[in-house]
Amino acid sequence: MVAGWFTHDSGEEDFRLLGTRCTACSSVVFPREDSFCRNPGCGGGELTEVPLSRRGRVWSYTDGRYRPPAPYVSDPETEWEPYTLLAVELAAERMVVLGQAVPGVSVADLTVGMEVEAVPGVLNEDAGTVWTTWHWRPVEGAR
């Protein structure tokens, strides 16, 4: 997907989204920012990479029932399958991160406040390449 947005060398148990923290005001942002602090009240500019919390709580969710337009990669010859989108609150970072649910999780499987975790997922693949992204997966027994 986008280089530097998540760890990609490790197994699922070590998978983490990567943000940046301002050394002046301690604001954490995702996606990462490498040029300036996004906090409008901060003049700081030194940013360090920081792994985000692996688990969070569902803040909101919805389903995508249409095929997005280009540049989204999708084979128009295959039947469209709806997907589930989540907004997940990471309490320690005081932020909400958007992402897709793991395949097979629908809006009927989710509740606001449910605990979920970031796991590696597949955005697209062809004969020679797999494009990795992140998905949110409900934590066992979190309903």
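A nonpolar core is a set of buried Ala, Val, Leu, Ile, Met, Phe, Trp, Tyr and Cys residues joined through side-chain atoms within 4.5 Å. In this predicted model, the largest such core holds 23 residues, and L17, L86 and W136 have the most contacts inside it. At least two core residues come from each of strand 5 (83–90), strand 6 (95–101), strand 7 (115–125) and strand 8 (130–138).

Leaving aside residues up to four places away in sequence, L86 touches V58, S60, Y61, V97, L98, G99, Q100, A101, L110, V116 and W136.

Now for the aromatic rings. The model has six aromatic pairs, and two of them are set side by side here:

| Ring pair | Distance between centres | Angle between planes | Class |
|---|---|---|---|
| W5 and W134 | 6.1 Å | 45° | tilted |
| W80 and Y83 | 5.7 Å | 85° | edge-to-face |

W5 sits in the segment before strand 1 (18–22) while W134 belongs to strand 8, so their pairing ties together parts that are 129 residues apart in sequence. W134 has a relative accessibility of 7% and therefore counts as buried, because the limit for buried is under 20%. Ring pairs also join W5 and W134 with F6, F15 and F30 in a cluster.

What about the other pair in the table: is Y83 buried or exposed? Y83 is buried, with a relative accessible area of 16%.

Terms used:
Residues numbered from 1 in each chain as written. Predicted model: local features only at pLDDT ≥ 70, side-chain atom pairs only at ≥ 80, totals over all residues. Heavy atoms only, no water. Buried < 20%, exposed > 50% of the residue type's maximum accessible area, 1.4 Å probe, protein only. Helix = DSSP H or I, 4+ residues; strand = E, 2+ residues; numbered from the N terminus. Contact = heavy atoms within 4.5 Å. Phe/Tyr/Trp six-rings, centres within 6.5 Å; stacked < 30°, edge-to-face > 60°.
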